[in-house]
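Hi everyone, thanks for making time. I've got one model to walk you through, so let me put it up on the screen.

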Amino acid sequence: MADDSGQDKTEDATSKRLSDSRKKGQVPRSKELNTFVTMIVSAALFFYLGRYMVSGLVDMMKHQFELSREVIFDPNAPIMYFETAIVEGYSVIAPLMIILMIADLLTPLLMGGWNFADEALQPKFSKLNPLQGIKKIIGIQGVVELIKAIIKVILIGFVAWNLFKVYFDDFMSLSRLNLDQALFRTGEILVMSVLVLSSTLLLLVLIDVPYQLWNHQRQLKMTKQEVRDEAKESEGSLELKGKIRQMQMQAAQRRMMEAVPSADVIVTNPTHFAVALKYDPNGSGAPILVAKGTDLVAAQIRNLALANKVTLVAAPSLARALYYSTELNQEIPRGLFLAVAQVLAYVFQLRAATQNGWGKPVPPSDVQVPDEFRQ
């Protein structure tokens with residue numbers, strides 16, 4: 001490919017460039033969007049499932065700490081209580097974990113969509129190059145990520161500090177509540193705090209998502225030379241397809257020519273069209289067109305027929321009608337039965353006369369072709 005270092009990337013990415021980038025795993029993604037969705041879903045789950053989770057935790061703690069003397073001195077008790085704690089704890093947090101996992105799987109659909117790229121999983125030693133890593137850190141992308149991180153820390157820190165001041169008295173009063181009340185109140189504070197912090201991240205999401213989309217398009221932009229080179233590659237593939245089609249046509253023509261010696265008659269224009277017909281008098285089908293052509297191909301059919309002593313009959317209107325109405329290896333249309341029957345009758349009479357030494361019959365001079373088959 002030509003050197004593009006001196007050209008500006010001003011052209012939008014082509015469909016092929018976009019497709020190749022997805023295969024390499026290059027799709028727009030926003031970490032802020034993923035974090036926001038995870039936090040807002042967590043807050044909503046805590047809001048709706050908070051009482052259930054707190055009650056489950058309280059029951060688990062009561063069961064774990066209300067031990068009798070016999071249980072304390074039982075050597076098998078720790079294992080049994082540990083297993084029970086795992087089961088109870090999992091049953092409490094399982095709904096939260098399952099819904100969060102589903103949310104994480106669905107979040108990519110909001111931006112970039114799902115993309116399974118095998119190329120992205122392949123090891124690349126260039127990724128281990130420390131110079132490339134330094135370029136990413138001190139490059140535009142690194143500066144943008146640094147600015148986002150600073151804004152995120154300042155914004156979340158500011159909101160978290162104000163939340164702490166708002167709920168400071170509530171935290172201090174937790175010691176005066178019993179265990180159940182303290183846990184429920186703590187849960188309420190956490191839910192409200194997560195909701196507020198999640199809402200704070202919405203501002204970063206509204207900035208980061210458009211930026212990531214714009215940056216993805218910018219990275220995929222192409223120079224004019226790259227667009228031209230891609231067009232040349234595409235044309236090359238078209239040339240290859242054309243070559244394949246040409247070879248297929250040549251093979252089909254060879255097969256067609258191989259059928260000419262076995263034909264019963266060649267109907268000619270007499271120079272511009274030639275159509276080879278084969279008919280089985282003992283069969284139940286109509287005559288079949290086994291070869292056809294115009295100009296040079298027609299001349300080849302005629303020469304091959306003469307070399308193999310296949311009868312030629314000049315019937316211009318019928319030759320054109322057969323050429324345009326019938327494909328290779330297909331039976332002739334019903335509307336041309338009478339006209340072709342006239343030609344075949346002459347052919348069979350000519351064969352009989354040749355075998356028996358009779359006088360040659362007169363070729364058909366007025367073969368009638370229906371108007372709908374005239375070209």
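This is a predicted model: local features need pLDDT of at least 70, side-chain atom pairs count only at pLDDT 80 or more; totals for chains, interfaces and linings use all residues.

Okay, rings. There are six aromatic pairs in here. Take Phe273 and Tyr323: the ring centres are 5.2 Å apart and the planes sit at 75 degrees, so we call that one edge-to-face. Phe273 belongs to strand 2 and Tyr323 to helix 12, so this pair ties together parts that are 50 residues apart in sequence. Phe273 is buried, at 10% relative accessible area. Elsewhere, Trp161, Phe164 and Phe168 make up one aromatic cluster.

Now the strands. Strand 1 and strand 4 run parallel, joined by four bridges, and Thr268 has Ala314 as its bridge partner in strand 4.

Last bit, backbone. Most peptide bonds are trans, and most non-glycine residues have a negative phi. Asn269 and Pro270, though, are joined by a cis bond, with omega about 25 degrees, and Pro270 is in the loop between strand 1 and strand 2. Asp295, in helix 11, has a positive phi of about 50 degrees and is partly exposed at 44%. Lys309 has phi near 55 degrees; that residue is in the loop between helix 11 and strand 4, exposed at 78%.

Conventions. Residues are numbered from 1 along each chain as its sequence is written. Side-chain values use heavy atoms; hydrogens and water are left out. Rings of Phe, Tyr and Trp (its six-membered ring) pair if their centres lie within 6.5 Å; planes under 30 degrees apart count as stacked, over 60 as edge-to-face and the rest as tilted. Helices (H or I, at least four residues) and strands (E, at least two) are DSSP runs, numbered from the N terminus. Buried means under 20% relative accessible area, exposed over 50%, partly exposed in between (1.4 Å probe, protein chains only). Two strands pair if DSSP finds at least two bridges between them.
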